[in-house]
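Before we discuss the ligand site, please look over the sequence and model below.

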Amino acid sequence: MTLLREINFDGIVGPSHNFAGLSLGNLAATAHAGQLSQPRRAALQGLDKMRANLALGLAQGILVPPERPNRAWLAALGTTMADAAPSLRANAMSASAMWAANAATVSPAPDTADGRCHLTVANLVTMAHRSHEWPDTLAQLRLAFADRSRFAVHPPVPPPFGDEGAANHRRLCCGHAAPGIEIFVYGRGGGAFPARQHYEASAAVARRHGLDPARVIFAEQSAEAIAAGAFHNDVVAVANEHVLLAHEQAFADPAGLHAALAAKLPGVEIVVVPAAEVSLAEAISSYLFNAQLVTLPEGGMALVLPTEARASPRVWSWLERLVARNGPVRRLVPVELRESMANGGGPACLRLRVVADPATVDPRFLVDEARLDRIERVVTARWPEAIAPDDLGRPALWDEVRGARLALLAELGLECLARPAAAFP
Ligand code: SUG
């Protein structure tokens with residue numbers, strides 16, 4: 001018998017975490033460009049978030065950072081860290097793989113034609129610093145989900161169609177182990193900021209995963225949400241089981257989406273946050289929707305959200321009223337993620353949800369408190385305390401970052417991931 005449950009795989013914040021302002025349209029990242037980052041603190045905040053999820057009784061997994069600087073990528077571009085222009089160097093040093101919601105799109109086994117859980121690694125082609133993540137992500141996911149009788153891990157959709165993974169994918173169902181309705185959210189280009197998820201990529205993922213077209217919805221994210229800084233749909237909407245929580249202005253055609261959802265999943269509960277109560281700007285700066293909406297073992301759901309949501313009086317008061325309603329959301333769990341948040345990554349960005357039987361996953365990718373303690377010791381001993389923009393050009397930092405990651409892999413028994421995956425020959 002298999003016991004399907006949701007496992008959240010969090011990206012461990014890599015030792016090169018820095019503020020280079022590389023993501024146009026991600027207002028937090030561009031606002032913090034050039035500031036001093038604190039990689040050690042960032043990684044510890046991420047570990048504490050995982051501990052908060054464990055304390056709720058949830059299953060927790062990890063993904064490890066890829067090697068930085070990515071010299072193989074620079075070599076494919078005909079250059080080296082020593083010779084590359086500072087902007088290219090920053091792209092090669094980015095720790096952006098920490099945002100695991102962009103690692104892949106996941107269709108759990110109950111949704112697919114062959115009864116396996118399908119994962120398509122995101123190509124992330126819209127942003128240079130993210131476009132070279134996929135080979136290492138693919139290698140890692142193939143290791144974590146190696147059981148081919150239960151999982152199918154696909155390489156990315158080919159360019160030019162931009163795919164940013166689970167950040168633009170909502171799954172609604174009566175229970176995680178029941179068949180779901182999968183919503184693929186895409187953006188339309190032409191605005192001041194790029195639409196990072198393309199319809200063609202979403203459609204390709206749905207086809208590859210063998211989803212029943214009658215149980216799939218393609219929904220456009222509103223242009224105003226993208227223009228306001230919602231570069232991914234998980235900045236303006238979140239779903240769990242039968243609940244969709246979304247900002248009034250998240251989707252281009254909310255009425256059409258709600259009708260389609262209600263027809264396909266009669267028990268669906270759609271909670272809309274009105275713009276009059278929380279504006280798009282407030283939603284984006286507080287990252288209220290970039291929460292993990294999780295099912296508690298004792299019943300009901302909790303919202304694991306950034307402390308920035310608590311700091312915003314209007315947002316917090318709306319959330320308190322949501323809980324007081326005695327609906328599905330019973331608890332608010334604020335977590336401190338200031339370093340990741342400063343690059344536009346909240347609790348939901350940092351994790352990839354996979355519905356699977358934990359016994360079928362490579363145990364090196366699952367954590368309990370004791371394993372988190374071991375990771376924490378490596379982070380405390382080896383992660384740089386601070387990185388200033390000029391440090392990205394210092395060979396001593398490149399060595400420190402590389403060595404820190406290797407120490408983590410050794411601690412986790414994942415030395416097989418030490419060599420960068422060969423995709424840029
Ligand atoms: O792709 N930030 C990430 C944040 C990703 C958030 N993920 C989700 N919403 N699921 C991005 O924009 C900033 C890195 C820099 O500028 O150095 C960055 O890549």
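How do the residues of the lining of the second largest cavity divide into nonpolar, polar and charged?

1. They divide into ten nonpolar, 13 polar and two charged residues, where Ala, Val, Leu, Ile, Met, Phe, Trp, Tyr, Cys and Pro count as nonpolar, Asp, Glu, Lys and Arg as charged, and the others, Gly among them, as polar. Please keep in mind that this is a predicted model, in which local features need pLDDT of at least 70 and side-chain atom pairs count only at pLDDT 80 or more, while totals for chains, interfaces and linings use all residues. Residues are numbered from 1 along each chain as its sequence is written, and side-chain values use heavy atoms, with hydrogens and water left out.

2. The second largest cavity has a volume of about 230 Å³, and of the 25 residues that line it, Ser23, Ser96, Trp99, His129 and Asn343 lie nearest its centre. A cavity here is a set of points, on a 1 Å grid over the protein atoms alone, where a 1.4 Å probe fits but cannot get out, and lining residues have an atom within 4 Å of a point; a volume is the space filled by probe spheres set on the points, which are joined across faces, edges and corners.

3. The ligand sits in this second largest cavity, in the sense that more than half of its atoms lie within 2 Å of the grid points. It is surrounded by 21 residues, the closest being Leu22, Ser23, His129, Arg196 and Asp234, with a heavy atom within 4 Å as the criterion. By class, this shell holds eight nonpolar, ten polar and three charged residues.

4. A backbone N or O atom of Leu22 lies 2.5 Å from a ligand oxygen, a polar side-chain atom of Ser23 lies 2.8 Å from one, and a polar backbone atom of Gly21 is 3.2 Å from one. Taken alone, the ligand exposes 480 Å², and the protein buries 99% of that, with areas from the Shrake-Rupley method and a 1.4 Å probe.

Terms used
Polar contact = N/O pair within 3.5 Å; in protein donor to acceptor, adjacent residues only side chain to side chain. 1 Å grid on protein atoms, 1.4 Å probe; cavity = no way out; pocket = protein on both sides within 12 Å on 5 of 7 lines; lining within 4 Å.
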